[in-house]
Amino acid sequence: MTARKPEPGRITAVLGPTNTGKTHLALERMMGRQTGVIGLPLRLLARELYDKVVKAKGSASAALITGEEKIVPPTARYFLCTVEAMPLDMRPAFLAIDEVQLASDPERGHVFTDRLLQARGTEETMFMGSATMRPLIRRLVPEAEIVERERFSVLTHAGTKKLSKLPRRSAVVAFSAEDVYSIAELMRRQRGGAAVVMGALSPRTRNAQVELYQSGEVDFLIATDAIGMGLNMDVDHVAFASFSKFDGRKRRRLFAHEIGQIAGRAGRFRSDGTFGETADARALDADIVHRVENHQFDPVGKLTWRNADLDLSSLENLRITLNQPPPDPVLERVRNPIDEEVLDIIARDEEVRDRLKSRAALARLWDVCRTPDFRKTSLDDHARLIKTVFNHLTGPDGFLPDAWLDSQLTRLSRTAGEVDALAQRLSYVRTWAYASHRSDWTRDPAYWQERTREVEDRLSDALHERLTARFIDRRTSALMKGLREKVDLEAGLSAEGEVTVEGHYVGKLTALSFQPVAEGGPLARRAVANAALKAVRPEINRRLGRLAKCEDADLALQADGSIAWEGVRIARLEPSADPFAPGARLIGGDLGAGEAVSRAERRLERFLAATAEDALGALLTLKRKVNGGNGLDGLARGVGYRLVEGFGAAPRSALAAELSQLSGHERRQLRQAGVRIGEHAVFLPALVKPKAARLNALLKAAQEGDPERALVPGAGLTSLEIEKGRREADYGAAGYQRCGPRAVRLDILERLADLIRDGRKQHAKGLFAPDAAMATLLGCSHEELRQVLKALGYKRVRKASTAEDGTGTPELWGGRARSLDPARVKAEAEAAAPPADTPFAVLAELKAAPARKSPPKRKPRKARRKAAGGPS
């Protein structure tokens with residue numbers, strides 16, 4: 001079959017892959033004629049070319065016609081239209097159809113096929129599209145001159161890349177709004193943000209998003225396959241997040257030529273481009289890669305077609321003419337078009353059928369049925385809307401009621417809500433924009449066109465704001481752009497410590513720590529850190545210098561093991577070779593110079609040593625005597641060593657063997673060193689004071705690498721409940737000793753021993769009765785007191801009893817304290833014998849050696865004389 005005979009004029013088919021300048025050529029050729037019409041596949045593309053014509057020829061010469069928008073000045077000479085909205089009653093000098101290969105599309109293809117066969121310019125007609133259309137154009141339009149163009153740049157497959165590794169100026173292509181949004185959110189976190197382009201966006205929103213990308217404010221574009229239809233942007237790399245899409249009927253995998261159409265958007269004019277896979281997309285087959293790189297695709301075999309010469313004399317004749325078979329084997333009847341399905345649904349309604357009394361009524365019905373389903377709702381829902389519109393148009397007034405239209409638009413004009421809600425309202429507004437541009441559907445078309453445009457613009461601006469807020473971190477993207485384009489970024493630091501780079505707040509400097517704003521992915525955080533370094537480093541070095549020269553009064557050791565300077569944490573305790581002279585590690589000073597950091601840390605270590613000397617003087621004096629061998633001899637030195645190792649305290653039972661062999665001289669040495677040998681514990685009373693006990697416990701925990709775990713009892717507590725996981729040494733460092741269910745303060749433990757001795761003196765058999773004074777002293781219950789006594793080695797010998805007359809006898813306890821029981825001491829000493837390779841082995845040998853016998857006492861002189869037989 002051939003097209004009907006056109007009016008005189010040249011017909012040219014300009015075919016080739018993307019980036020061959022086909023659309024640009026058509027635009028130039030049209031503006032070289034007196035009049036012209038270009039039919040385009042997308043409203044967005046029509047708007048883009050319209051703006052170019054306005055810029056070149058002025059707004060009075062350009063017209064824009066789409067289903068939802070009409071700008072037609074009286075003097076318009078150049079018409080930019082969607083293919084469906086092309087004015088077919090015109091005979092322009094120049095006429096062009098872009099992306100003509102869409103004639104094979106199952107839904108819209110019949111419109112493109114009709115324009116291919118019927119639409120002509122009086123001087124020149126041009127078809128632009130893929131080279132896959134060459135055979136069918138040659139068959140259907142034999143008079144056409146076919147011109148094939150080569151791509152200006154090279155397209156290369158770059159393989160699979162993670163989203164976080166995509167190069168700058170990349171477009172990520174997905175095929176659903178959900179995927180576009182999820183990828184855009186991920187790019188915001190990892191790369192600072194991305195612009196979003198989808199076919200469903202209004203031109204206003206789309207242009208605003210594209211401007212973000214084109215201006216370089218963001219380096220990434222997340223889009224649907226709308227970018228494959230001639231939308232020209234500076235894209236260097238196209239990454240497919242998927243290779244399957246829903247085509248309106250089913251989900252299917254992309255054809256090779258569709259992949260090529262989208263991938264071809266990479267590289268503009270003479271700049272080469274790349275394409276590849278990302279996210280969950282599987283790697284392309286080598287055959288498809290070869291075909292895309294070399295633009296070798298199977299030729300189109302069939303075009304979608306529908307008879308355009310309809311008989312509107314009756315509903316039956318309309319159906320017959322719609323179902324007329326194609327006149328050529330290469331044309332294929334469109335399958336299940338939505339307008340015909342809607343016609344079948346509402347034509348079954350008796351109310352509708354009653355209105356079809358004339359040819360004009362049927363023409364009106366068919367005109368309304370062809371309203372696109374912008375809302376993408378169900379078929380039944382769309383059919384209900386079409387029926388409502390038809391009933392209004394065939395009612396007494398013959399127009400859509402103003403009040404009804406106003407209520408629809410008022411409901412949709414709200415700008416509250418998130419991206420999805422605004423996008424849905426915009427799609428609904430498109431229906432009423434379409435209706436307003438049907439000149440005979442409303443009483444005042446100009447008013448409703450303006451009203452729908454106003455609502456669309458408000459929603460578009462709100463949607464752009466939401467998209468930008470949701471998917472773009474303006475601060476991070478601006479910083480990354482500045483780092484790329486400028487050697488030195490302007491950084492500032494306020495008196496309050498707020499750090500700014502290029503006017504953007506990036507974090508706060510508190511003491512020596514810089515806390516960047518916790519936004520963006522690793523790349524974004526690295527950009528912030530690098531940019532802020534210029535402002536932060538000099539100030540940190542200055543503060544480190546002040547810290548190295550500060551007074552002790554400006555520093556404070558906190559209960560959690562941190563060191564505060566002027567009220568702010570700037571360091572923490574670190575383990576060292578000497579537990580009483582811990583190290584100090586700065587918090588956040590790593591941005592400062594190494595030498596400045598070292599000086600500050602040495603200053604803090606001197607502060608810690610002075611603090612320990614002030615609070616733990618008795619223990620440090622004992623330590624020096626033990627290490628120096630001056631002031632402690634023999635076993636006294638060994639006992640002192642054990643006390644220093646235990647942070648100043650040890651249960652007497654643990655030292656009982658050594659204590660039993662101490663000479664009087666050695667005991668005096670220990671007493672002079674501040675050591676008290678009590679009945680239940682051996683300790684330094686000076687360390688029981690709150691200040692010393694807190695520091696001692698903190699230093700022990702710091703030496704073990706966890707200062708926050710230090711046991712810090714509350715002030716005035718004479719005993720504590722035992723904490724699970726706490727060791728005996730933890731309590732000893734804090735000035736307590738573990739006794740059954742409670743840990744008792746060491747000085748209180750000795751006062752308890754005093755009460756027990758006093759009780760024994762008052763009983764004939766040396767027994768004692770636990771009383772309220774003992775429980776009060778320990779701050780525990782009577783049952784807990786019993787457990788404490790039991791743990792100390794005492795035994796209950798009589799339970800309390802009550803007679804019938806109300807009198808009773810108290811319970812009595814006896815026995816010896818564990819620390820004073822020789823048998824227990826010997827058994828425990830044998831069980832805890834020290835290893836042979838430790839210093840304590842020497843002490844053990846000393847303990848095992850027999851004590852030297854003292855010479856017998858001399859008898860009085862009178863007794864000696866009597867024994868010798870002399871006078872007394």
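These legends accompany several close-up views of one predicted protein model.

Local features here need pLDDT of at least 70, side-chain atom pairs count only at pLDDT 80 or more, and totals for chains, interfaces and linings use all residues. Residues are numbered from 1 along each chain as its sequence is written, and side-chain values use heavy atoms, with hydrogens and water left out.

**View 1**
Let us start with the overall picture. The protein holds 31 helices and 36 strands; these are DSSP runs numbered from the N terminus, with helices (H or I) of at least four residues and strands (E) of at least two. Of its 872 residues, 49% count as buried, where buried means under 20% relative accessible area, exposed over 50%, and partly exposed in between (1.4 Å probe, protein chains only). The accessible surface comes to about 41,300 Å², and 50% of that belongs to carbon and sulfur atoms; the areas come from the Shrake-Rupley method with a 1.4 Å probe, and for residues only the protein chains shown count as cover. Among contacts (heavy atoms within 4.5 Å) between residues at least 6 apart in sequence, 67% join residues at least 24 apart.

**View 1. Val389 and Trp432 sit in the largest nonpolar core.**
A nonpolar core here is a set of buried Ala, Val, Leu, Ile, Met, Phe, Trp, Tyr and Cys residues joined through side-chain atoms within 4.5 Å. The largest one has 59 residues, and Val389 and Trp432 touch the most other members. Helix H15 (residues 419-436) supplies the largest share of this core, eight residues. Beyond its neighbours within four places in sequence, Trp432 is in contact with Leu385, Val389, Trp404, Leu405, Gln408, Leu409, Leu412 and Thr452. Another core, of 35 residues, lies apart from it and includes Met86, Leu95, Phe112 and Met133.

**View 2. Helix H1 is mostly covered.**
Seven of the ten residues of H1 (residues 22-31) are buried: Lys22, Thr23, Leu25, Ala26, Leu27, Met30 and Met31. What do the buried residues of H1 pack against? Their partners are strands S1 (10-15), S2 (36-40), S5 (78-82), S6 (94-97) and S7 (124-129), together with helix H2 (43-57).

**View 4**
Strands count as paired if DSSP finds at least two bridges between them. S3 and S5 run parallel, joined by four bridges, with Ala63 opposite Phe79. With strand S4 (residues 70-71), S3 pairs in the antiparallel sense over two bridges, and Ile65 stands opposite Lys70. A hairpin through four residues joins S3 to S4.

Five bridges link S9 to the parallel strand S16 (residues 273-277), where Leu155 faces Gly273.

**View 3. Pro299 meets Pro135.**
Pro299 is in the loop between H8 and strand S17 (303-305). Although 164 residues apart along the chain, Pro299 and Pro135 have C-alpha atoms separated by 7.1 Å. Not counting residues up to four places away in sequence, Pro299 touches Thr132 and Pro135.

Leaving out residues up to four places away in sequence, Gln209 touches Ala195, Val196, His464, Leu467 and Thr468.
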